[in-house]
Amino acid sequence: MNSVFVYIEIGEQNKIADVSLELCTKGRKLANELGVKLECVCVGSGLNGIEKELYPYGVDRVHVFDDARLFPYTSLPHQDAVVNLFKEEKPQICLLGATVIGRDLGPRVSSALHSGLTADCTQLEIDDFDMKVKEGDDFVDKHYEKQLMQIRPAFGGSIIATIVNPEHRPQMATVRDGVMKREILDENYKGEVVKHEVGKYVPETDYIVKVLDRHVEAAKHNLKGASIIVAGGYGVGSKEGFDLLFKLAKEIHAEVGASRAAVDAGWIDHDRQIGQTGVTVRPKVYIACGISGAIQHIAGMKESGIIISINNDPNAPINQIADYNINGNLEDVLPKLIKYYKQNNK
Amino acid sequence: MLKIIVLAKQVPDTRNVGPEAMTPEGTVNRAALPAVFNPEDLNALEQAIRLKEQHPGSTITMLTMGLPKAAEVLREGLYRGADNGILLTDRALGGADTLATSYTLAQAIKKVGDYDIILCGRQAIDGDTAQVGPQVAEKLGLTQITYTEEILECTKEKIVARRHIDGGVETVEAPLPIVVTVNGSAAPCRSRNVKRIMANKKVEFTTWGAADIDADPTQIGKAGSPTNVKAVKSIVFKAKETKTLTSSDEDINNLMKELIESNTIG
């Protein structure tokens with residue numbers, strides 16, 4: 001009882017999402033601090049043996065809901081599987097990926113259980129918490145031990161807030177892909193699997209959304225793992241402007257990323273967005289091209305090794321965190337970088 | 001004929017924090033940010049107006065919760081194509097987290113009573129949580145389509161929509177009534193219409209407080225919010241030691257030489 005739970009997101013060919021495994025690693029650490037078990041919920045179709053992929057991350061129990069109609073994901077059946085399981089198991093913490101699925105499901109679960117949910121946490125810690133609580137007409141100090149500190153940027157990344165929900169369970173949080181580190185705890189870790197009768201948790205009336213058509217492609221890039229990133233912002237000016245960035249990236253074996261402004265302008269795919277509401281990256285080298293440096297962008301790349309800003313505005317905020325600030329136009333600077341690299345790279 | 005409700009929020013414009021909103025200490029002064037119509041709620045409004053065009057006689061009701069000033073988004077909605085607006089405002093509603101907000105909106109929607117489709121933005125730019133749409137749906141016992149890019153078809157009975165998913169897109173069909181949250185990548189909202197501005201400049205909006213929507217005092221405002229903010233720390237943007245270069249061949253070649261020789265790139 002009162003375990004730490006992770007909702008496992010299951011994609012095409014029953015591949016477990018990276019973020020779910022990252023959360024298992026985090027969940028294991030939280031469970032150790034609390035002295036409780038780490039448990040997972042898997043909802044999908046054809047899940048035989050899926051527990052074996054989770055045990056090595058230190059998972060003690062894997063709850064499986066297996067039905068052909070549970071994949072692809074739709075809101076109501078997954079909600080009821082999780083909510084009705086939680087009513088029995090009474091977890092103290094529930095972690096979900098801040099993915100499209102996690103952000104579709106998490107709020108519904110928190111609403112159904114009347115528990116707090118914090119979106120897009122960047123840190124999760126266990127700590128004590130003191131709060132004034134109203135009792136009758138008076139306020140009294142109340143001490144809560146071992147609460148989940150849910151730490152997240154807010155207001156476009158201008159502040160970092162620590163959120164606590166002491167009076168309600170589970171304490172729920174979503175975390176974006178790549179924010180936590182994934183680590184195998186023990187290849188031979190022993191857990192147990194619990195296969196639930198789906199019909200007991202999910203009423204037939206839940207299957208009302210039909211997925212008519214689906215196109216999922218494997219990621220076209222590996223921004224998260226790239227050691228060099230060339231990123232473009234509003235200063236790139238157009239979709240064609242990004243061609244030059246791709247050219248440089250190809251040459252120096254980099255991936256191309258973008259700021260929200262460039263994505264919103266429709267110049268580049270949404271999945272290449274770097275920042276608080278996109279991907280968080282930590283490359284060795286980050287080349288910011290025409291990026292002004294809104295704080296929510298900086299939140300997603302400030303841990304880069306070397307930051308090179310190319311901008312014709314010497315006052316662009318990003319220049320303040322850059323190691324090198326090249327004052328110039330992209331169409332002037334980028335070809336020079338390419339040319340020098342071509343000539344001098346061994 | 002469809003009865004459409006659009007949920008909209010007035011938010012501080014966190015997208016473009018300019019120097020005027022920065023304090024001398026290098027933190028953001030939120031009070032200095034202009035208040036705007038939450039961008040994705042405008043995408044939602046556009047989908048609503050398109051539905052109305054396809055189904056003549058439909059009505060679009062805007063619903064917002066906030067300070068009295070939030071009526072500005074209702075008016076803006078009317079200028080662009082909505083028919084009427086409801087403002088939820090009450091001191092008792094202050095300090096609400098997403099759950100208390102959703103409860104309050106759901107109570108107001110129940111009071112409106114007759115609806116087929118509830119549209120809202122996927123998320124608001126002040127919190128980026130994307131929780132209120134799904135929580136309103138749960139409170140009303142409805143299903144939802146989140147991350148919607150386009151409504152392809154909608155009748156009184158069912159809706160077909162294309163939505164963004166991780167790594168791709170999917171097309172789903174669902175029965176009405178339903179909550180639909182709309183992505184920023186959906187069609188932008190049309191601009192104001194001059195005739196609509198003239199007609200709606202002085203319109204007064206229905207204003208409801210907690211008592212009008214039969215709200216349970218333990219579920220609204222601060223009291224109804226499971227989440228507590230323990231601490232808030234402002235981010236200080238500190239300058240690093242930055243080398244400033246020009247775009248001259250010499251500067252660029254020296255930089256590349258340094259990066260290649262240190263095996264940083266290449």
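Axes here are lines fitted to C-alpha atoms, for helices over the stretch in contact, with angles running from 0 to 180 degrees between N-to-C directions. Keep in mind that this is a predicted model, where local features need pLDDT of at least 70, side-chain atom pairs count only at pLDDT 80 or more, and totals for chains, interfaces and linings use all residues. Residues are numbered from 1 along each chain as its sequence is written, chains are lettered from A and ligands numbered from 1 in the order in which they are written, and side-chain values use heavy atoms, with hydrogens and water left out.

- On the H4(A) side, the contact uses A:Arg103, A:Asp104, A:Pro107, A:Arg108, A:Ser110, A:Ser111 and A:Ala112, and H4(B) brings B:Pro134, B:Gln135, B:Ala137, B:Glu138 and B:Lys139 (contact means heavy atoms within 4.5 Å).
- By type, the residues of the contact of H4(A) with H4(B) are four nonpolar, three polar and five charged (Ala, Val, Leu, Ile, Met, Phe, Trp, Tyr, Cys and Pro count as nonpolar, Asp, Glu, Lys and Arg as charged, and the others, Gly among them, as polar).
- Another pair is helix H9 of chain A (residues 330–344) with helix H6 of chain B (residues 249–261), packed at an angle of about 50° with axes 10 Å apart.
- H9(A) and H6(B) are oblique to each other too, and their crossing is right-handed.
- The H9(A) residues that meet H6(B) include A:Val333, A:Leu337 and A:Tyr340, while those in H6(B) include B:Ile252, B:Met256 and B:Ile260.
- The contact of H9(A) with H6(B) divides into seven nonpolar, two polar and three charged residues.

**Chain A overall**

- Chain A has nine helices and 16 strands (DSSP runs numbered from the N terminus: helices are H or I with at least four residues, strands are E with at least two).
- Its C-alpha atoms fill a box of roughly 65 × 55 × 40 Å along the principal axes.
- Of its 346 residues, 60% count as buried (under 20% relative accessible area, with exposed over 50% and partly exposed in between, using a 1.4 Å probe and protein chains only).

- A:Leu245 sits in helix H6 (residues 241–252) of chain A and is buried, with a relative accessible area of 1%.
- Beyond its neighbours within four places in sequence, A:Leu245 contacts residues including A:Val230, A:Val236, A:Cys289 and A:Leu334.
- A:Gln92 is in the loop between helix H3 (75–89) and strand E4 (93–97), and it is buried at 13% relative accessible area.
- Not counting residues up to four places away in sequence, A:Gln92 touches A:Asn2, A:Leu34 and A:Arg169, among others.

**Nonpolar cores**

- The largest nonpolar core has 37 residues, and B:Leu45 and B:Met62 are among those with the most contacts inside it (a core is a set of buried Ala, Val, Leu, Ile, Met, Phe, Trp, Tyr and Cys residues joined through side-chain atoms within 4.5 Å).
- Helix H1 (residues 39–54) of chain B gives the largest share of this core, six residues.
- A second, separate core of 36 residues includes A:Val236, A:Ala258, A:Ile310 and B:Ile265.

Conventions
Angles under 35 degrees count as roughly parallel, over 145 as roughly antiparallel, 65 to 115 as roughly perpendicular and the rest as oblique. A crossing is left-handed if the near helix is turned anticlockwise from the far one by less than a right angle, and right-handed if clockwise.
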